[in-house]
Amino acid sequence: TTGGTQGGNGGSVEISAPNVLSLNSSMDASAQAGSTAGQLLLNSQDITLNASGANGMNGGTLDLNVNGTFANFSQIILQASGDTTTGSGNITLAAGNAWDLGAGSGLLTLEAGGDITFGNGSKITDANQWSVTLEAGYNFANNTVQSGVGNIYLNGGSGQSGIGSIQLSQAAINLTAGNSI
């Protein structure tokens, strides 16, 4: 789904499965200079974002290595919709994990039916023009954040681990939670 060799925007890639056993494919929605890279939409029950390891399921949670998994996209939408039995739908940025969004500009959106949690010392950073939107308590049936459901936690701790953070250079940060931030 890349843009053409003479130009054109990249395409869209959608992966929507509650139990992705592994994600060993290479995805590329890049575009030539002057065109916009494509979009990735990934939906699973629960998602943990790490800085190392293989992509795949770990006890009902999709573990994703942020280093290289999301290259060549200008829009990344990660959705944790939970399931009917657990109702969870959480997104966790693993403790100590640093996710650099990379070159160019784009929009990272994390939508969780439950909570979005930054582990101690974890962060999302960008020195370019990426925007970040976090929505906790997201109702996927009507595409809104529902009142009273969902939290965004920027967990802190003593010593080196520190608090979770989002550090952007030139773009917007939007945080919406149905319960608290």
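Trainee: Which residues does Gln 129 touch, not counting residues up to four places away in sequence?

Mentor: In this predicted model, Gln 129 touches Gly 104, Ser 105, Gly 106, Gln 170 and Ala 171. Take Gly 106 as a case: Gln 129 and Gly 106 are 23 residues apart in sequence, yet their C-alpha atoms are 6.6 Å apart in space.

Trainee: Where does Gln 129 lie, and why does it count as partly exposed?

Mentor: Gln 129 lies in strand 12, residues 129-136. Its relative accessible area is 44%, so it counts as partly exposed; that label covers values between the 20% and 50% cut-offs.

Trainee: Let's zoom out. How many helices and strands does the protein chain have?

Mentor: The chain has one helix and 17 strands. Of its 181 residues, 44% count as buried. Among contacts with a separation of 6 or more, 70% are between residues 24 or more positions apart.

Trainee: How do I read strand pairing?

Mentor: Here's the general idea: strands of a sheet pair through backbone hydrogen bonds, in a parallel or antiparallel way.

Trainee: How many bridges join strand 8 to strand 11?

Mentor: Three, and the two strands run parallel; strand 11 covers residues 123-126. To find the pairing on screen, look for Asp 100, which stands opposite Thr 125 in strand 11.

Trainee: What about strand 3? Which way do its side chains point?

Mentor: The general idea is that side chains in a regular strand alternate between the two faces of the sheet. In strand 3, Asp 46, Thr 48 and Asn 50 point one way, while Ile 47 and Leu 49 point the other way.

Trainee: Why is strand 3 described as largely enclosed?

Mentor: Because five of the five residues of strand 3 (residues 46-50) are buried, the rest of the structure largely encloses it. Strand 3 pairs in the parallel sense with strand 5 (residues 61-65) over five bridges, and Ile 47 has Leu 62 as its bridge partner there. Strand 3 also pairs in the parallel sense with strand 7 (residues 91-93), over three bridges. In that pairing, Leu 49 stands opposite Leu 93.

Trainee: Which residues have the most contacts inside the largest nonpolar core?

Mentor: They're Leu 49, Leu 78, Trp 99, Leu 108, Ile 116 and Ile 124, in a core of 29 residues. Beyond its sequence neighbours up to four places away, Leu 78 touches several residues, including Leu 49, Trp 99 and Glu 111.

Trainee: Glu 111 is charged, I see. Is it buried or exposed, and what is its nearest side chain of opposite charge?

Mentor: Glu 111 is buried yet has no salt bridge; the nearest side chain of opposite charge is Lys 123, 26 Å away. You'll find Glu 111 in strand 9, residues 105-112. Outside four places in sequence, its contacts include Ile 77, Gln 79, Glu 135, Tyr 138 and Phe 140.

Trainee: One last residue. Where is Asn 151 found?

Mentor: Asn 151 is in the loop between strand 14 (144-145) and strand 15 (152-154). Its relative accessibility is 9%, so Asn 151 counts as buried. Leaving out residues up to four places away in sequence, Asn 151 touches Gly 114, Asp 115, Ile 116, Ala 136, Ala 177, Asn 179 and Ser 180.

Technical notes: Residues are numbered from 1 along each chain as its sequence is written. This is a predicted model: local features need pLDDT of at least 70, side-chain atom pairs count only at pLDDT 80 or more; totals for chains, interfaces and linings use all residues. Side-chain values use heavy atoms; hydrogens and water are left out. Two strands pair if DSSP finds at least two bridges between them. Helices (H or I, at least four residues) and strands (E, at least two) are DSSP runs, numbered from the N terminus. Buried means under 20% relative accessible area, exposed over 50%, partly exposed in between (1.4 Å probe, protein chains only). Contact means heavy atoms within 4.5 Å. A nonpolar core is a set of buried Ala, Val, Leu, Ile, Met, Phe, Trp, Tyr and Cys residues joined through side-chain atoms within 4.5 Å. Lys and Arg count as positive and Asp and Glu as negative; His and the chain ends are not counted. A salt bridge is a side-chain nitrogen of Lys or Arg within 4 Å of a carboxyl oxygen of Asp or Glu.
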